[in-house]
Amino acid sequence: MSTPAGFDELIHPATRLSVVALLAATEWADFAFIRDSLSLSDSALSKQLHTLEEAGYLEIHKEGGGRKRRTKVRLTGHGRTAFDGHVAALRAIVDGVGPAASAAPPAGAGGTAPAPLSETAGHAKASR
Amino acid sequence: MSTPVDAERAWQDLQRIRVPQERVYDELERSASSGPGATYTTAGIMWLFIASWGLDLSDRGFWLVLAGYVALLLALAVVANRKTRVRLHRSRHTWRSFATFIAGMVVTCTTIALSGRLTDSLHLPFGSLIQATLSAAAFLLFVGPANRWAMTALRSRGIRPAHGEEATR
């Protein structure tokens with residue numbers, strides 16, 4: 001089974017997808033805010049951020065020093081484009097436009113509304 | 001090698017994207033509603049500035065007070081910026097955000113002008129104090145509801161249903 005154009009293997013894993021999705025809505029976000037929002041440990045988030053930074057998807061800025069030190073994370077133009085492409089690819093798969101359309105249609109896409117956010121939040125946590 | 005993704009997994013991924021983005025809007029709403037201190041401080045600084053007009057300052061004095069006023073507002077903005085944990089991307093702002101900003105200026109300036117005219121025409125004592133109080137009150141009354149109005153639109157714009165979901169509803 002192949003995937004539609006724009007599908008990004010780097011963004012695809014659940015945690016990285018959540019990180020990039022959060023950053024896509026922001027100009028920048030504080031490291032602590034991302035960590036708390038996604039219920040990740042410092043080390044787990046740091047690892048994901050460095051992977052994405054090495055790929056040029058985001059920039060990490062450290063400001064201040066001592067106890068006032070803070071880390072700001074910003075999605076680059078390249079990262080934003082990759083995320084938009086990935087979302088478009090996922091939609092293409094769901095709509096049955098992409099090559100993956102040969103797969104069975106999703107249970108939720110057959111005329112029912114998307115799962116409530118609380119449910120998806122639980123799913124996101126469970127899938128980590 | 002590419003990862004095979006079926007439609008159900010893609011659907012779940014699209015749902016998963018919404019969750020962290022909701023957290024961003026939650027944080028923006030939280031910081032907007034939990035920060036009346038900054039609003040009251042801004043109103044207080046405005047009150048002092050307008051009240052100083054009644055001191056019949058020289059031109060030099062007026063410009064000094066104005067410079068102090070602007071410096072205090074800038075300092076307040078810097079402090080607020082340091083407290084902020086997240087900033088919304090510019091593409092997520094709506095016309096309501098800009099309308100709120102412009103309307104805030106119009107309401108405040110109009111109140112200053114009208115209350116000044118009123119106190120002058122009625123020859124009220126302590127005119128600048130009355131003018132300052134009315135202007136600060138108008139600012140305070142406007143900011144809360146206007147911010148809530150702008151924030152509601154931000155969330156509904158930012159968390160749109162994914163393309164395809166809309167069609168299936």
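Which residues have the most contacts inside the largest nonpolar core?

**Entry 1, ground rules.** I note that this is a predicted model, in which local features need pLDDT of at least 70 and side-chain atom pairs count only at pLDDT 80 or more, while totals for chains, interfaces and linings use all residues. Residues are numbered from 1 along each chain as its sequence is written, and chains are lettered from A and ligands numbered from 1 in the order in which they are written.

I looked up the largest nonpolar core and found 41 residues, with A:Val20, A:Leu22, A:Leu23, A:Ile34, A:Ile93 and B:Ala10 having the most contacts inside it. Such a core is a set of buried Ala, Val, Leu, Ile, Met, Phe, Trp, Tyr and Cys residues joined through C-beta atoms within 7 Å; buried stands for 20 or more other C-beta atoms within 10 Å of a residue's own, exposed for 12 or fewer, and partly exposed for what lies in between, with C-beta atoms placed from the backbone. Two or more residues of this core come from each of α1 (14–24), α2 (31–38), α3 (42–54), β3 (70–75) and α4 (77–95) of chain A, and from each of α1 (7–33) and α5 (127–158) of chain B. Another core, of 5 residues, lies apart from it and includes B:Met46, B:Ile50, B:Ala132 and B:Ala136.

**Entry 3, chain A.** I list 5 helices and 3 strands for chain A, in the order α-β-α-α-β-β-α-α from the N terminus on; helices (H or I, at least four residues) and strands (E, at least two) are DSSP runs, numbered from the N terminus. Of its 128 residues, 35% count as buried.

The contact is made by A:Ser18, A:Val19 and A:Leu22 of α1(A) with A:Ile34, A:Ser37 and A:Leu38 of α2(A), where contact stands for C-beta atoms, placed from the backbone, within 7 Å. Beyond four places in sequence, A:Ile34 touches A:Val19, A:Leu22, A:Ala29, A:Leu45 and A:Val73.

I place B:Leu88 in strand β1 (residues 86–88) of chain B, and B:Leu88 is partly exposed because 18 other C-beta atoms lie within 10 Å. Leaving out residues up to four places away in sequence, B:Leu88 touches A:Ala25, A:Thr26 and A:Glu27 as well as B:Val24, B:Leu28, B:His93 and B:Leu154.

Notes:
Contact = placed C-beta atoms within 7 Å.
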